[in-house]
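Here is a walk through the structure, one neighbourhood at a time. Keep the picture open as you read, and look up each place as it comes along.

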Amino acid sequence: MAAAKQTLTDSLSFCLAQLTAAAGEGLGGGKDTATNETPLGRALLALRTRHVKAAGGIERFRARGGLRPLLALLRRAAAADPAPSQAGPGSAPSSVESATSAGPAPSPGPAPSAASSSTPSPPARLRKTLDLALSILANCCTEGACRAEVRRLGGILPLVTILQCVKTDSIQNRTARALGNLAMEPESCGDIHSAGAVPLLVDNLTACQDSQCLQSVVRALRNLADSPQHRLALAQQGAVRPLAELLAAAPDPALTLALVRALLELSRGCSRACAEQLSLGGALGPLVSLASHPKKAVREATILILANLCAQGLVRPALGNAGGVDVLLGELWRRRGPNGAGPASQQPLVRAVCLLCREAINRARLRDAGGLELLMGLLRDPRASAWHPRVVAALVGFLYDTGALGRLQALGLVPLLAGQLCGDAGDEEEEGREAASWDFPEERTPDRAEAGSFRSLRSWLISEGYAAGPGDISPDWSPERCPPPPPPPEPAEPTSPTLGPTSLRTPRTLRTPGRSPAATAEEPWGREGPALLLLSRFSQAPDPSGALVTGPALCGLLAYVTGSPGPPSPRALRILARLTCNPACLEAFVRSYGAALLRAWLVLGVAPDDWPSLRARPARRQHRELGEMLLQNLTVQAESPFGVGALTHLLLSGSPEDRVACALTLPFICRKPSLWRRLLLDQGGLRLLLSALTRPAPHPLFLFFAADSLSCLQGLLSPTVIPAPPPPIPLDLDPPSPCLYEPLLGPAPVPAPDLHFLLDSGLRLPAQRAASATASPFFRALLAGSFAEAQMDLVPLRGLSPSAAWPILHHLHGCRGCGAALRPIPPPGQPLLGSEAEEALEAAGRFLLPGLEEELEEAVGHIHLGPHGGPESVGEVFRLGRPRLVAHCARWTLGPGQCPRKRALALVGLVEAAGEEAGPLTEALLAVVMGVELGAKGSRLDW
């Protein structure tokens with residue numbers, strides 16, 4: 001049964017032979033096409049339905065050399081068409097010679113005519129042959145090897161010729177399908193463009209009514225848009241508008257999908273011509289409607305088309321009128337939701353929303369639709385850091401929208417802007433000239449360049465109907481006809497709320513259009529320019545303290561000023577100066593420790609990141625001068641009647657945190673003795689500050705600020721209060737005094753010892769009974785009284801180590817300054833608590849030797865608080881709890897000329913050592929600040 005059904009067309013060799021014969025290959029003369037019509041038709045049908053569609057059939061067809069006769073047949077059939085259409089501009093030539101020049105020459109036999117036989121007319125037979133041949137070729141071109149061979153054999157130009165000459169829907173459909181498949185190869189795509197196929201395909205969009213044919217044409221145009229150059233060429237040849245008009249006609253679903261896919265490709269890197277044709281074709285409204293299409297592919301492609309269109313300023317207002325703003329915002333909200341897509345899919349929408357902020361009408365729509373909240377969410381998202389510069393530049397469009405600025409401030413924009421100044425976000429991508437705001441369209445005139453303000457005025461007069469055209473406005477109105485005004489001492493803030501790409505690009509210098517560079521002072525505009533511009537706008541509010549005089553905002557500004565690799569923008573300096581000169585910001589500077597931060601960061605060169613480490617940061621002279629100028633501005637505000645009332649209210653009636661902040665800040669911003677004396681001394685501000693040292697710190701740099709504040713206050717008091725001189729040091733350590741105890745230690749002691757002290761370790765130390773009894777009331781009672789030890793030659797001393805006993809015996813025998821007091825003192829860096837020095841001090845107090853106590857304390861101070869001691873030793877010395885050592889620690893901490901870092905680290909050590917017992921530390925610091933000696937006769941610290 002199976003053998004009975006076999007036919008000749010089941011053989012690929014037979015089909016190829018028929019194809020070769022019809023194409024005239026290997027024949028010495030021509031053939032009558034009518035004779036071979038039936039076998040050729042059966043062979044082509046078998047090739048299309050069985051051989052090519054079988055698994056591996058296309059590759060076998062190509063390997064057996066089927067493409068060459070197939071293309072030759074197409075050339076012959078195209079040349080035999082009796083009624084070629086008129087070629088349009090850029091189309092392929094319609095003559096037989098041009099159609100056959102790129103491939104093997106067909107048989108020289110005559111073309112079939114209507115008189116050759118009584119069979120169907122030659123055009124009908126020709127079109128049937130073309131249908132089958134084109135279908136086979138289109139199927140073969142789905143594989144890359146066949147596409148390459150078709151291009152090598154010159155098969156593109158015959159297809160273009162058929163597209164031009166044979167105006168039958170089915171043939172146009174199959175030809176467009178074959179061209180679309182060939183266009184999948186970049187080389188073939190370029191050849192198709194060069195062959196002039198684009199105008200022919202575009203003509204089919206308006207001439208053809210068949211949906212299948214239109215889909216093939218649309219697909220071919222989509223595949224031809226494979227590069228920016230080809231997309232621009234398609235737009236310039238009018239390929240976009242017919243597509244837009246077809247889309248506006250509400251076609252069937254399959255054609256709709258093909259159209260939106262083609263428009264998506266054509267709108268990538270959207271050119272001006274593409275945007276204009278889409279708008280003129282009436283596609284904006286349908287595209288917005290298709291954004292809610294139930295089919296996902298249509299919906300997503302449409303949304304991306306709308307996003308691509310936003311790159312052209314001329315179409316953005318119309319896009320907003322059609323509802324594009326709500327569509328794009330809604331889709332971006334959805335993709336940023338919990339179930340949304342990743343950051344890569346959000347990027348085109350973020351770019352589109354930011355570009356929509358360049359026109360006032362779209363900014364209003366975006367603000368009303370919740371776009372400000374969306375942009376703020378992007379700024380807060382660390383995953384979107386690459387888009388932060390673009391978002392900040394978009395927010396510049398709201399520079400003079402008071403309502404939007406208020407909303408942005410409430411949403412926390414200022415700290416985010418301050419963080420942008422020194423952040424690691426990437427630079428904003430540059431946009432083309434066409435992306436500039438369409439609020440002020442660019443006018444192309446052959447005349448000389450005119451001033452920007454004059455062009456804007458002329459555009460407004462024409463749009464409002466006050467002038468019929470540019471010729472109605474005299475050029476004498478242009479500012480160029482007037483002498484330029486003298487340059488202002490400071491570059492003025494920009495007056496336009498909308499900044500185009502020329503003002504939002506990465507680092508370069510701004511130049512006012514229409515003026516020479518010498519006419520205005522140029523100002524650097526880097527990546528931080530948009531953020532600084534917004535911060536400057538916020539600083540011009542009557543009371544900007546709530547937004548700008550905060551820790552994050554000030555830290556961001558100061559980090560930018562001090563960390564900028566080059567000179568910082570003058571706008572940042574003006575912002576700081578504007579804030580310090582505003583009386584409404586005075587209380588905020590006090591509450592937020594802003595004044596102390598300005599002094600620490602700019603004058604002393606200590607940033608928050610540098611504390612508590614001792615990282616060196618050279619303080620530049622210009623930074624120090626800036627800090628002193630800003631503090632002087634605050635001083636002017638603080639010493640004004642308003643400032644005096646504000647500071648008095650804070651210190652007396654503020655919250656506990658505000659009172660401490662006020663007491664700490666006063667030495668930095670008050671120079672009038674009557675003011676700081678009344679607030680700090682008479683009304684208890686100084687004690688309030690000292691008592692806050694041991695409580696939880698309200699600021700990371702609180703102890704640094706406090707140490708600096710106490711030092712400044714000490715400097716203010718020094719002209720009027722003469723500090724008491726430090727107590728005399730009875731121990732002259734260099735050179736040492738003669739030792740009086742050493743003669744008792746030799747082999748022949750002179751005089752001979754009449755007493756030995758026995759230590760717990762078993763060590764016996766010689767001594768003179770009379771000298772020991774004279775040096776201390778304790779030993780007088782022990783050795784010369786009624787105790788048993790008075791009759792003993794070997795007296796035990798319990799709880800005393802040899803190192804601790806050594807300075808005691810030296811002191812009992814009259815040694816002063818011989819160096820024995822240094823023996824039990826550990827070197828700097830080792831703890832004093834539990835050491836032999838503490839044991840010796842305790843023994844000196846137990847044995848009633850105040851002179852030795854003082855000598856040991858001076859030795860501790862000399863070693864641990866001397867030139868070789870550091871701030872970490874201050875807390876160790878304080879832990880010994882000796883009043884003289886506590887005062888010594890306070891003097892070392894607040895001493896004049898001390899490094900601010902070491903002073904602050906010493907205060908940290910003192911606070912940690914004091915713990916909850918803050919009384920001794922407070923009294924010691926208070927005595928040093930007031931310039932009196934703690935415990936001195938007549939000193940008064942209870943004011």
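**A helix and its neighbours**

Let's begin at helix α13, whose buried residues are covered by a set of elements that includes α10 (186–194), α11 (197–207), α12 (211–224), α14, α15 and α16 (272–280). Contact here means heavy atoms within 4.5 Å. The helix itself spans residues 228–236, and its buried residues are His 230, Arg 231, Ala 233, Leu 234 and Ala 235. As for the word "buried", it stands for under 20% relative accessible area, while exposed is over 50% and partly exposed is in between, with a 1.4 Å probe and protein chains only. Helices (H or I, at least four residues) and strands (E, at least two) are DSSP runs, numbered from the N terminus.

Before going on, a word on what you are looking at: this is a predicted model, in which local features need pLDDT of at least 70 and side-chain atom pairs count only at pLDDT 80 or more, while totals for chains, interfaces and linings use all residues. Residues are numbered from 1 along each chain as its sequence is written, and side-chain values use heavy atoms, with hydrogens and water left out.

Now step just past the end of α13. There Gly 238 takes a positive phi of about 75 degrees. Is Ala 250 buried or exposed? With a relative accessible area of 64%, Ala 250 is exposed.

Zooming out for a moment, the protein has 48 helices and 5 strands. Of its 943 residues, 51% count as buried. If you take the contacts between residues at least 6 apart in sequence, 73% of them join residues at least 24 apart.

Next stop is helix α20 (residues 324–335), which is where Arg 334 sits. Arg 334 has a relative accessibility of 45%, so it counts as partly exposed. Its C-alpha atom is 9.8 Å from that of Gln 346, which is 12 residues away along the chain.

Two packed helices are described by the angle between their axes and the distance between the axes. For α20 and helix α23 (residues 371–380), the axes come within 11 Å and cross at roughly 40 degrees. The axes are lines fitted to C-alpha atoms, for helices over the stretch in contact, and the angles run from 0 to 180 degrees between N-to-C directions. The two helices are therefore oblique to each other; angles under 35 degrees count as roughly parallel, over 145 as roughly antiparallel, 65 to 115 as roughly perpendicular and the rest as oblique. Leu 329, Leu 332 and Trp 333 of α20 meet Gly 371, Glu 373 and Leu 374 of α23. By type, the residues of this contact are 4 nonpolar, 1 polar and 1 charged. In that count, Ala, Val, Leu, Ile, Met, Phe, Trp, Tyr, Cys and Pro are nonpolar, Asp, Glu, Lys and Arg are charged, and the others, Gly among them, are polar.

Tyr 593 has 4% relative accessibility, so it counts as buried.

From there you can follow α33 itself (residues 594–603). Its axis and that of helix α34 (residues 621–638) come within 8 Å and cross at roughly 160 degrees, which means that α33 is roughly antiparallel to α34. Among the residues making the contact are Ala 595, Leu 598 and Leu 602 of α33 and Leu 626, Leu 630 and Leu 634 of α34. The contact of α33 with α34 divides into 8 nonpolar, 2 polar and 3 charged residues.

What about disulfides, that is, pairs of cysteine sulfur atoms within 2.5 Å? A search of the whole structure finds 0 of them. Take Cys 581: the closest cysteine sulfur, in Cys 585, is 9.9 Å from its own, too far for a bond. Cys 581 is partly exposed, at 40% relative accessible area.

How values were computed. A disulfide is a pair of cysteine sulfur atoms within 2.5 Å.
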